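Please have the sequence and the model at hand.

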Amino acid sequence: MSYTEEREKIKHDRTLYGMPQLRYVEASRSSLGGVEEANKVLPLLLDALTRPLTDEEKKPGHWAPKQPRILFEGTLPEAEEFYQQTENIPGILNAPYAVYTDGMPIVIPTEERVAAMLKGTSHKPDEIITLQRDIKMRGMGNIAEGFTRKKGDVVQFMPMFRTATVEQVAVNAVMAGCKPEWFSVALAMAESGGGTGDGRGWGGAFLVSGPIYKEIGMNVSYGRLGPGNPPNKNLGRLGSLMNRNLGGYKETVTGIGVGMSYGNPITNGGFMLAEYAEGLPPGWKGLNEELGFRKDESVLMTFQPSHWGLGQEHMPGVYRSFQRTGHGAIARFLGVKGIPGPHNYLDYLTKDMWACRDGGFTLLLPPQMAMDLYDYGFKTKEAVYEYLWKKSFEPLSEFRMRGRSDILTNGWTGKEKRSGKYWKELPDDYMVPAGGENPEQDYNVIVCDGQETACDRLGGGKGPGFSIDAWR
Amino acid sequence: MAADRVYKCLNPVGNQPEVDLFPLAPRLKSLDGKTIHLSICGEQDIWHPLEKKLKTDYPNVNWTVKKTYFITPFELSEEERKTTDAVILGVCW
């Protein structure tokens, strides 16, 4: 039984999971209370269980779709037309949907261009993308346990469970407009699954930490999230192409985008950002070190910046007045009018931060704002994470009304992890963190270059780290 | 690159693992006395009235239930597979 708008995905997934004739019944999401809908689907379900099988339903089989290595032969104008082909998809009101691209023009992946891209790595073209080290995957509340994936495990790209060779990643990298000297980053993206996650959204987003940002010229300064910088834009875009071609994501057919990851205005088809470790206050670790790597190693982390503009709004000058002379709105808010800083900006930022959302978040700070936190007393990033997390505690009576709490607690059937007690046994005034389960896993502070004292605030905690150097 | 030159262009699509396709399990002649498993995952809303109605209208069926709010349903154990006659799975998202 599934919902009506998932019809094409159910039909598709029946084959993917080995039962192409699986009987299914559609229910409507809009039936008030569900009672009328339950009355409607019940006889259909029982009929599906008892109606004799047809000859077709009794047949075993084997599904083995093959793809040719050479997809197209022709002139460049002909190739451009071929790669830009679209199909109309009923689930999105017959709007056209790109077959091989993210919808934008691509660089045609000729054999010569792909061969040039492959010079950007020591790995062989026919090597299957596998994990280059053990990866610890996080759990999720009471509904999913964490687990470890082993070095050498073949990477599957979701939602189609596809695998990829180094050459196939190179084809996508050429199409996205990447250069051979960036290819190790592209391969680390592939090792991460291309940001395809569990296949339910439209890719993910990527953070780079380590010296490679400078080697390849990534913009970590003003406009770091905007247009103009080729590595940021084209590597970010590569995630979209991996999702489409390696993962096989096709809207409403293999997955349904409901605003997660790439399917939102933040990632908008590609999100790639690097850390400016030179701007870190003394003793603050770079993201690479936080993820268990050395500071001279280049690594990539996936995350989901699906919430934007968190916390209080202010102009950069208002922040400077607040810290330098104790004037302006933030100083009034915190009751430090006329008193020079350093002051604790986090108290301003987190006012009502969790009012309508829960979970941790990511701060992109210019060096001065990071240094102000350091001078105030936050001598490590971990201290910032801990402070933010503790600010998010609220009584269980309030936590019960949150949008994701039914899911994270698996319908309140599991145990609350810190107390070890069942959720249903805890009193109303028991304090629960709305800001995630674990401060070090649910928060990021990324320092970027720039003098203007305004920070970017995104959602998303820590994903696993993947070595870029392993793919050089 | 000459405009009329013919190029070989490579395929960006990944490798699709092969899948063995299974026939459907034999259907039930009658529901009476059978063990039917309700595998509930994802959104629970329609299941609230549906589970209640199934159990009320078909008391001679041994209804077993596993629920998760996550998208991945709980699997049946080997022993449960031996004693279960049918499964209704829903509603993922």
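Cys9(B) is in no disulfide either; the nearest cysteine sulfur, in Cys178(A), is 18 Å away.

Relative accessible area sets the class: buried is under 20%, exposed over 50%, partly exposed in between (1.4 Å probe, protein chains only).

| Cysteine | Relative accessibility | Class |
|---|---|---|
| Cys356(A) | 80% | exposed |
| Cys9(B) | 0% | buried |

This is a predicted model: local features need pLDDT of at least 70, side-chain atom pairs pLDDT 80 or more, while totals for chains, interfaces and linings use all residues. Residues are numbered from 1 along each chain as its sequence is written, chains are lettered from A and ligands numbered from 1 in the order written, and side-chain values use heavy atoms, without hydrogens and water.

Now chain B. It holds two helices and five strands, in the order β-β-β-α-β-α-β. Helices (H or I, at least four residues) and strands (E, at least two) are DSSP runs, numbered from the N terminus. The C-alpha trace of chain B spans about 75 × 30 × 25 Å along its principal axes. Of the 93 residues in chain B, 43% are buried. Contacts are heavy atoms within 4.5 Å. Among those in chain B with a separation of 6 or more, 70% join residues 24 or more positions apart.

Definitions and conventions. A disulfide is a pair of cysteine sulfur atoms within 2.5 Å.
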